[in-house]
Amino acid sequence: MSKYKVDIVGVNTSNLKVLTNEENIALFKKMHNGDEFARDDLINGNLKLVLSILKKFNNKVDNLDDLFQVGCLGLVKAIDNFDPSYNVTLSTYACPLIIGEMKRYIRDNISLRISRSVKDLAYKAMKLKEELSVQNGKMPTDKEIADILNVTEYDIANAINSLKEPVSMYEPIYNDGGDTIYLCDQLSYPKEEYDQEIKLALEKAMEKLKVRELQILRDRFLIGKTQMEIAEELGISQAQISRIEKNALTNIKKLIK
């Protein structure tokens, strides 16, 4: 179980006990018969289920301790509502509840502040989508949801998208071993929307670049040449081109701040 090792303050996660399905069932019988310690044993014996799910959210939050506690709340809810007579294992029943609690916590603590009305609409839309998916056997469209909630299709899409984590403009989205393509490389903006002050600052910064740095940046981002093509033209290695390009961009960022 070492693969579930996660650093949680005050909890030695590597030594947590893991209950078998048979042990869980036996403890549920004790709990339903009034054993006041059986519930605690069920919680402590299934904490590694929370940890196994927690690992999937490693990059979503800064504080795993808080998310672990939230996941434990989901586990407690699952234990309090679980019915062994359905012939379903506790882990099968508990996982959606634990994941749901964690996702709700992350949505409510995203770095961008979203208005309560937009959040409420998003939650209503997602709940309705789940209900209609189960009822009709297929996922409803945003238009169908919008018609039921008496809002526009755009309102639904905007509300749901507002709950997603923001992504950096410089998030790498592709790397073939050479040039890295960032999210900003795939975005385009009408020329008139560029901020005039940024344009002036950028022009002044580029005037302070070395001739070779300026040449490489123009070939890369205006003409669209690859680092390998520029390297062959200048008679130097692709690694050198990459280093010069990186230094030039770093200098520009410093100058326009």
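**Briefing: disulfides, salt bridges and surface of a predicted model**

The count of disulfides, a disulfide being a pair of cysteine sulfur atoms within 2.5 Å, comes to 0. This is a predicted model, in which local features need pLDDT of at least 70 and side-chain atom pairs count only at pLDDT 80 or more, while totals for chains, interfaces and linings use all residues. Residues are numbered from 1 along each chain as its sequence is written, and side-chain values use heavy atoms, with hydrogens and water left out.

**Overall architecture**

- The protein chain has 12 helices and 2 strands, where helices (H or I, at least four residues) and strands (E, at least two) are DSSP runs numbered from the N terminus.
- Read from the N terminus, the order of elements is α-α-α-α-α-α-α-α-β-β-α-α-α-α.
- Of the 257 residues in the protein chain, 30% are buried, a class that means under 20% relative accessible area, with exposed meaning over 50% and partly exposed lying in between (1.4 Å probe, protein chains only).
- Among contacts in the protein chain with a separation of 6 or more, 55% come from residues 24 or more positions apart; contact here means heavy atoms within 4.5 Å.

**Cysteines**

- Cys72 is buried, at a relative accessible area of 15%, whereas Cys95 counts as partly exposed at 23% relative accessibility.

**Surface**

- Val88 sits in the loop between helix H4 (64-81) and helix H5 (90-108), and is partly exposed with a relative accessible area of 34%.

**Salt bridges**

- Across the whole structure 8 salt bridges are found, each being a side-chain nitrogen of Lys or Arg within 4 Å of a carboxyl oxygen of Asp or Glu.
- Asp142 forms a salt bridge with Lys129, with the closest N and O atoms 3.0 Å apart; the pair links distant parts of the chain, since Asp142 is in helix H7 (residues 142-149) and Lys129 in helix H6, 13 residues apart.
- Within that pair, Asp142 is partly exposed at a relative accessible area of 22%, while Lys129 is buried at 18%.
- Glu245 and Arg220 meet through their side chains in a salt bridge (2.6 Å, N to O); Glu245 lies in helix H12 (residues 238-256) and Arg220 in helix H10 (residues 211-223), so the pair ties together parts that are 25 residues apart in sequence.
- Both Glu245 and Arg220 are buried.
- Lys143 and Asp147 form a salt bridge whose closest N and O atoms are 3.3 Å apart, and both residues lie in helix H7, 4 residues apart, or about one turn of the helix.
- Lys143 counts as partly exposed at 47% relative accessibility, and Asp147 as exposed at 52%.
- A network of salt bridges links Lys77, Glu101 and Arg104.

**Ser133 and its surroundings**

- Ser133 belongs to helix H6 (residues 116-136), and its side chain reaches the backbone oxygen of Lys129 at 2.6 Å.
- Apart from neighbours within four places in sequence, Ser133 is in contact with Lys138, Met139 and Pro140.

Note on methods:
A polar contact is a pair of N or O atoms within 3.5 Å; within protein, one must be able to donate a hydrogen and the other to accept it, and residues adjacent in sequence count only if both atoms are side-chain atoms.
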